[in-house]
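Thanks for coming. Please have the structure open while I talk.

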Amino acid sequence: MAPDKLVYMANQIANFFTSKPHAEGIEGVAGHISDFWEPRMRKQLFDMIESGHGGFHPLVIEAAPSIRKVKQPA
């Protein structure tokens with residue numbers, strides 16, 4: 001997926017949850033991405049955050065540790 005598109009989608013989710021209490025917003029972002037994003041998208045998200053790619057809403061960055069990790073094939 002184009003990196004800008006992934007950032008846009010993640011930020012849309014974060015913007016939705018900004019009206020919630022902070023902890024609930026973090027949980028909501030992590031839950032939505034974990035439940036609805038396919039593993040390739042989550043891996044790309046983790047790779048982009050790890051490499052320091054900018055543009056992510058702070059709520060996405062805070063939620064990242066709680067997003068379900070991608071299982072690597074054995």
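I49 has a relative accessibility of 22%, so it counts as partly exposed. The cut-off for buried is under 20%. Keep in mind that this is a predicted model.

Where is I49? I49 sits in helix 3. Leaving out residues up to four places away in sequence, I49 touches F56, V60, I61 and A64. As for distance, I49 and D35 are separated by 14 residues in sequence, and their C-alpha atoms are 19 Å apart in space.

Next is N11, which belongs to helix 1, residues 3-17. Is N11 buried or exposed? N11 has a relative accessible area of 15%, so it is buried, given that buried means under 20%. Which residues does N11 contact, once neighbours within four places in sequence are set aside? The list is G55, F56, H57 and V60.

The relative accessibility of E38 is 34%, so E38 is partly exposed. The side chain of E38 makes a polar contact of 2.8 Å with the side chain of R40. E62 is another matter: E38 and E62 are 24 residues apart in sequence, and from C-alpha to C-alpha they are 20 Å apart in space.

Now the chain as a whole. How many helices and strands are there? The chain has four helices and zero strands. In sequence order the pattern reads α-α-α-α. Along the principal axes, the C-alpha atoms fill a box of roughly 40 × 25 × 20 Å.

On contacts, take those between residues at least 6 apart in sequence: 70% of them join residues at least 24 apart. On burial, 38% of the 74 residues count as buried. The chain exposes about 4700 Å², and 58% of that comes from carbon and sulfur atoms.

Last, charge. There are 8 positive and 8 negative side chains, and the centres of these two sets are 7 Å apart.

That is the end of my part.

Methods. Residues are numbered from 1 along each chain as its sequence is written. This is a predicted model: local features need pLDDT of at least 70, side-chain atom pairs count only at pLDDT 80 or more; totals for chains, interfaces and linings use all residues. Side-chain values use heavy atoms; hydrogens and water are left out. Buried means under 20% relative accessible area, exposed over 50%, partly exposed in between (1.4 Å probe, protein chains only). A polar contact is a pair of N or O atoms within 3.5 Å; within protein, one must be able to donate a hydrogen and the other to accept it, and residues adjacent in sequence count only if both atoms are side-chain atoms. Helices (H or I, at least four residues) and strands (E, at least two) are DSSP runs, numbered from the N terminus. Contact means heavy atoms within 4.5 Å. Accessible areas come from the Shrake-Rupley method with a 1.4 Å probe; for residues, only the protein chains shown count as cover. Lys and Arg count as positive and Asp and Glu as negative; His and the chain ends are not counted. The place of a charge is taken as NZ of Lys, CZ of Arg, CG of Asp or CD of Glu.
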